[in-house]
Amino acid sequence: MTVSSRPLVPEDRVREVLSGDAREIAPLLLGAILTHETPDGPVSVRLTEVEAYMGPGDSQHPDPGSHTFRGPTRRNAPMFGPAGHLYVYFTYGMHYCANIVCGPAGHASAVLLRAGEVVAGREAALVRRPTSKSARDLASGPARLALALGLTTADSGRDALSAPFGLQLPPVPAADISSGPRVGVSGDGGSHDYPWRFWLTGDPTVSRYKAAKVRSAP
């Protein structure tokens, strides 16, 4: 997939951009820089891989791979909220994963932050991820990215465009973007009918593609 080059998005227009269709916004977030200021210092990650997720089964854009497919819950409530806020969830009993909410309030959609490059605050990120072997894998994968930024479910629902967070949307050359099926999504949502994973072509921090494991019926 190719996306035309775009000018730097002014800070006061970032929320307006995020209020559109998550499938169109996702590639625009590639190359964006998300910053989180914490007591340990600021950490900034340049996004290199993302995935778009849409709404419930009874919505205009049903997405069987989305946490909202079966409707609103206490956990996925932020996905129905204002654009630019965070949706952070806990998975496999050990990992946090972070999303940026998109679209108009009331219409669930978000972009999962799958991978990135730590461009500031590497020392603080390494304290959180002491098993990291190189800058290349420090934020490669959604759980690693969230950990490097110091994000937990306590941040779910918070505004990613306001302190202690910040989001910058720089231009991205069209030739740098690829797309394909989402990682680890079971069922129809992980098929080639949902090519809503986008990444910077050839970037070393992009995670490896893994299809979901098919579970046998008990």
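Modeller: What follows is a conversation about the fold, a few residues and a pocket.

Modeller: Please keep in mind throughout that this is a predicted model.

Biologist: How many helices and strands does the protein chain have, and which pattern do they follow?

Modeller: The protein chain has four helices and eight strands, and along the sequence they are arranged as α-α-β-β-β-β-β-α-α-β-β-β.

Biologist: What makes Cys97 and Cys102 count as buried rather than exposed?

Modeller: A residue is called buried when its relative accessible area is under 20%. Cys97 has 5% relative accessibility, so Cys97 counts as buried, and Cys102 has a relative accessible area of 0%, so Cys102 is buried too. Across the protein chain, 50% of the 218 residues count as buried.

Biologist: How many disulfides are found in the structure?

Modeller: A disulfide is a covalent bond between the sulfur atoms of two cysteines. To be counted here, a pair of cysteine sulfur atoms has to lie within 2.5 Å, and the search of the whole structure finds zero disulfides.

Biologist: Where does Ala143 lie, and which residues is Ala143 in contact with, leaving aside its neighbours within four places in sequence?

Modeller: Ala143 lies in helix H4, which covers residues 142–149. With those neighbours left aside, Ala143 is in contact with His95, Tyr96 and Cys97, where contact means heavy atoms within 4.5 Å. Ala143 and Tyr96 are 47 residues apart in sequence, while their C-alpha atoms are 5.4 Å apart in space.

Biologist: Why is Ser140 called buried, and where is its place?

Modeller: Ser140 has 12% relative accessibility, and because buried means under 20%, Ser140 counts as buried. Its place is in the loop between helix H3 (122–128) and H4. Not counting residues up to four places away in sequence, Ser140 touches Arg114, Ala115, Gly116, Thr205, Val206 and Ser207.

Biologist: What lines the largest pocket, and which residues lie nearest its centre?

Modeller: The largest pocket holds about 1500 Å³ of space and is lined by 40 residues, of which Tyr92, Arg114, Val183, Gly184 and Val185 lie nearest its centre. The elements that give two or more residues to this lining are strand S2 (41–53), strand S3 (86–91), strand S4 (95–101), strand S5 (110–120) and H4. Sorted by class, the lining has 17 nonpolar, twelve polar and eleven charged residues.

Note on methods:
Residues are numbered from 1 along each chain as its sequence is written. This is a predicted model: local features need pLDDT of at least 70, side-chain atom pairs count only at pLDDT 80 or more; totals for chains, interfaces and linings use all residues. Side-chain values use heavy atoms; hydrogens and water are left out. Buried means under 20% relative accessible area, exposed over 50%, partly exposed in between (1.4 Å probe, protein chains only). On a 1 Å grid over the protein atoms alone, a cavity is a set of points where a 1.4 Å probe fits but cannot get out, and a pocket is an open set with protein on both sides within 12 Å along at least five of seven lines; lining residues have an atom within 4 Å of a point. Grid points are joined across faces, edges and corners, and a volume is the space filled by probe spheres set on the points. Ala, Val, Leu, Ile, Met, Phe, Trp, Tyr, Cys and Pro count as nonpolar, Asp, Glu, Lys and Arg as charged, and the others, Gly among them, as polar.
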